[in-house]
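Some labels in this model deserve a check.

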Amino acid sequence: MTRPLFRRFLRAGLVLGAFTLGLGVTAGAQAQTELLNVSYDPTRELYREINAAFIAEWNARNPAKTISTIRQSHGGSGAQARTVIDGLAADVVTLALAGDIDAVAERSKKLPLDWQNRLPHNSSPYTSTIVFLVRKGNPKAIQDWGDLVKPGIRVITPNPKTSGGARWNYLAAWAYAEKAFGKDEAKVRDYIAKLLANVPVLDTGARGATTTFTQRGIGDVFLSWENEAFLALKEFGADKFEIVVPSLSILAEPPVALVDGNVDAKKSREQAQAYLDFLYTPKAQAIIARNFYRPRNPEAADPKDLANFPKVELITIDDVFGGWKKAQPTHFGDGGTFDQLYKPAR
Amino acid sequence: MAAATPLRWREPSILPGFGMALGITLTALSLIVLIPLAALFIKAASAGPADIWAVATSPRTLAALKLSFLGALFAALVNAVFGLILAWVLVRYEFPGRRLIDAAVDLPFALPTAVAGISLAAIYAPNGIVGSLFAPFDIQIAYTPLGVMVALIFIGLPFVVRTVQPVLEELQSDVEEAAALLGASRARTIFKVVLPPVLPALLTGFVLAFARAVGEYGSVIFIAGNVPMVSEIAPLLIVIRLEQFDYAGAAVVATMMLIIAFALILSVNLIQAHARRRFGDV
Amino acid sequence: MSDAALPLAAAAPARRSSARGESLGVRIALIAVSLLFLLLFLLLPLAAVFVEAGSKGWEAYRAAITEPDALAAIRLTLLVAAIAVPFNIVVGIAAAWAVAKFEFRGKNLLISLIDLPFSVSPVISGLVFVLLFGAQGYFGPWLQAHDIKIVFALPGLILATVFVTFPFVARELIPHMQSLGTADEEAALTLGASPWRVFFRVTLPNVKWSLFYGVLLCNARAMGEFGAVAVVSGKIRGLTNTMPLHIEILYNEYMGAAAFAVASLLAGLALITLALKTFLEWRFGDEIAASRRH
């Protein structure tokens, strides 16, 4: 009869179940302080290096209060802010734009609304900007923002609704148009509408968009974080893509903040604060430049790394758009300019 | 066989355990399914009628729902046709590798959707194996609504095959032979004799494939272009609303999908109940 | 599995090609269409997983699946499945017992409710638990006050997985148990067997293959679920990342080969599942056919 065989299956299943349970339980046991850094998509490589350097330094100085690991969580900036609002116990948030941390402060009430004044340089230990990544030899001869609206040019950018980087893209294009058309609002809107009509794929995050452009071969130009563009050159070879620097771009300030409510609950304030302070130290600034972010303190960085960064006229969100608190609802809120101008063009 | 036994569902049963079994079922169902879904309804209702109406009728929501439902409908149709052929081939013909093919049909049940999505995107991109065959004709599959269909066809296929297959297997051959001997052409025999009893199962498989495809997320986002109004599926719209901290808006779209999904499932079960009465057990 | 058609067809009068079979041409065409369809939609994606996984060589493959974050993801996935699947087995059996062996009002509604998670978008499955247990959710403040973590921790992952796989066992068992009727159990009871004995000695052996198949499907889905767990996971690497999420992360880090290496484990699991099922059908084909014919 087959009954014994079936029993054997059952027994094997039970043993396997107990075994995996045991594995899980042992994995759950840990003591020392553990920090959680909730960050956005393109900072994976940067924080891997930063975390190793910080842990080594901190543990050497504070043998009594060592940090075992710094956990990382990455995703679209807005999505990450939402998980923190919904209760993810982040010690620090390091997101793509101040608007997302504002949202965390407003909704979770776990950090003060004036969080941005607590650390130097608007709480941004590094900056970046938006550049164009094009295919080798620049076959479509794309030089500046004006070229992006030409018929037949296919522009890759993530969705500004879900991606922080894409919001910087959008604002940079808007700032260019305002300058080019002398603040003629109708012409600016027309430019943005045409630009959006040239976008064939709208990924949810910066990383997805990079993959679409580089690995799937879609599009002629990719509006990218500067650091993301350099990383793409490094990963996929400078023989395939090149970077085009437009006449004007935006100073992107990805901010960092301590989540007071969480660090107090986890009793990790001291370590978390030191972690954020560490980002401003010469050692961290050098790592930042090496990972293609623009350091706040260039003297600390390797001049070779600094030579990578092209000179470009950078506008700031505060000067042109009156800060994130104003720009976010105007452009990216429900019924904002993005919603108005994104028409089903095809 | 058992199909003909009229023994089921007799008088009030002497079997024990009804209370306990139903108790466990209802408790688990409430905790895992009903209460969470009720939370969704409450959240959606908290938006207020005006906002609900605005979200529900916004062109973008409608376009996303249209893509999700039409895409799923089209994929389910493709699956109904090819699934039926596949089931027929597996049941009726003997050829090398049949057993292997039979096993492979279950693959979409077992392969994680994200893996399927990444791998489909790689194959159907303009520079992928299949995509490059279509590229010269200026047909792009990945990152267009076509890409959405490909993913939905992938996940829906086993439903049609697996519901149709057992019915085909049990089809009595004498009716077909009788039809043939009476002079019916093969095509006529197929359409008049073979297909009618298969139809309820085919319909069930079709609706199951459809229902599964409507809500699919993991495999689709990697291959859809996610362009609003063009290749943005409804579940993605929920995620996007969520990421804008618009919980109520997300809940409204989710509730719309949920109601339609429940109507579909209920109709499948009614089809099955009806078919059981008419054709015996299927 | 009827292959009896061929000899019959050959024996039929010659005017039409056959009584039950199609002409050879049609037959080959249909087989070819089926194979092409399967190749395009099922086999190529599967092959792509293994080809990409092996593209950087064996050493890279081994490194990708033994790296600490990958191991943590594998452990977490196994753990979630080890809790979610047994839960659904118990509930599935209870549900099938109630629905198949008894007649009561609202049965169609109950079956439909059990089926519901199957057609609910995975995204919604995750969303509902965030709405309930998230910090902004209905029970959020209370949970926080008592320092209980559900979303972005193991309980949330398990809840979302149980939700998504809820119907699988019941769905396999119900039609089978319905077709078997209640005669066997009633006979055993009349002969004086205790209820539990009847259940373990009569009912369970009768439906073991359906149960087994349901468990296989339930387990495969539990391990492979992406959309629902993505919403409730928080994506903390090494802590709340399941295998499918880890695959997405690797993919997003331009480590395509590593992503597909981990994916190949899940694909391999899928293949083992299917192989096991095929083997059982082959080894116990008659018994299963006899017990599953419904």
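Q: Which hand does the crossing of H2(C) and H14(C) have, left-handed or right-handed?
A: The crossing of H2(C) and H14(C) is left-handed. That label applies if the near helix is turned anticlockwise from the far one by less than a right angle; clockwise would be right-handed. Helices here are DSSP runs of H or I with at least four residues, strands are runs of E with at least two, and both are numbered from the N terminus. This is a predicted model, in which local features need pLDDT of at least 70 and side-chain atom pairs count only at pLDDT 80 or more, while totals for chains, interfaces and linings use all residues. Residues are numbered from 1 along each chain as its sequence is written, and chains are lettered from A and ligands numbered from 1 in the order in which they are written.

Q: What makes H2(C) oblique to H14(C)?
A: The angle does. H2 (24–53) and H14 (256–283) of chain C pack at about 130°, with axes 7 Å apart. Hence H2(C) is oblique to H14(C). The label covers what remains once angles under 35 degrees are called roughly parallel, over 145 roughly antiparallel and 65 to 115 roughly perpendicular. Axes are lines fitted to C-alpha atoms, for helices over the stretch in contact, and angles run from 0 to 180 degrees between N-to-C directions.

Q: Which residues make the contact of H2(C) with H14(C)?
A: H2(C) brings C:Leu46, C:Val49, C:Phe50, C:Glu52 and C:Ala53. Among those from H14(C) are C:Gly256, C:Phe260 and C:Ser264. Two residues are in contact if their C-beta atoms, placed from the backbone, lie within 7 Å. By class, this contact has 9 nonpolar, 2 polar and 1 charged residues.

Q: What makes H6(B) roughly perpendicular to H2(C)?
A: H6(B), residues 113–124, packs with H2(C) at about 95°, their axes 9 Å apart. That angle makes the pair roughly perpendicular. B:Val115, B:Ala116, B:Ser119, B:Leu120, B:Ala122 and B:Ile123 meet C:Leu44, C:Pro45, C:Ala48 and C:Val49. The classes are 9 nonpolar, 1 polar and no charged residues.

Q: Which element gives the most to the side of chain C that touches chain B?
A: The contact takes 85 residues from chain C and 92 from chain B. H2(C) gives the most to the chain C side, with 16 residues. That side divides into 58 nonpolar, 15 polar and 12 charged.

Q: How many helices and strands are there in chain B?
A: Chain B has 13 helices and 0 strands. Its C-alpha trace spans about 65 × 65 × 30 Å along the principal axes.

Q: How many residues do chain B and chain A bring to their contact?
A: Chain B brings 17 and chain A brings 21. The largest share of the chain B side, 3 residues, comes from H12(B), residues 234–243. By class, that side has 12 nonpolar, 4 polar and 1 charged residues.

Q: Where do the domains of chain A lie?
A: The assignment gives domain 1 (33–127 + 253–306) and domain 2 (130–250 + 316–341). Such bounds come from an automatic or database domain assignment. The C-alpha centres of the two are separated by 26 Å. Domain 1 gives 19 residues to their contact and domain 2 gives 18.

Q: Why are E2 and E10 of chain A at the edges?
A: The open sheet has 4 strands in the order E2-E1-E3-E10, with mixed pairing. E2 (67–75) and E10 (256–258) each have a single partner strand, so one side of each is left without a neighbour in the sheet. The twist averages 20° from one strand to the next.

Q: How many bridges join E1(A) to E2(A)?
A: 8 bridges join E1(A), residues 33–40, to E2(A), and the two run parallel. Strands pair if DSSP finds at least two bridges between them, so 8 meets the cut-off. A:Tyr40 stands opposite A:Gly75. H3(A) lies across E1, E2 and E3 of chain A, at about 140° to E1(A).

Terms used:
Nonpolar A, V, L, I, M, F, W, Y, C, P; charged D, E, K, R; others polar.
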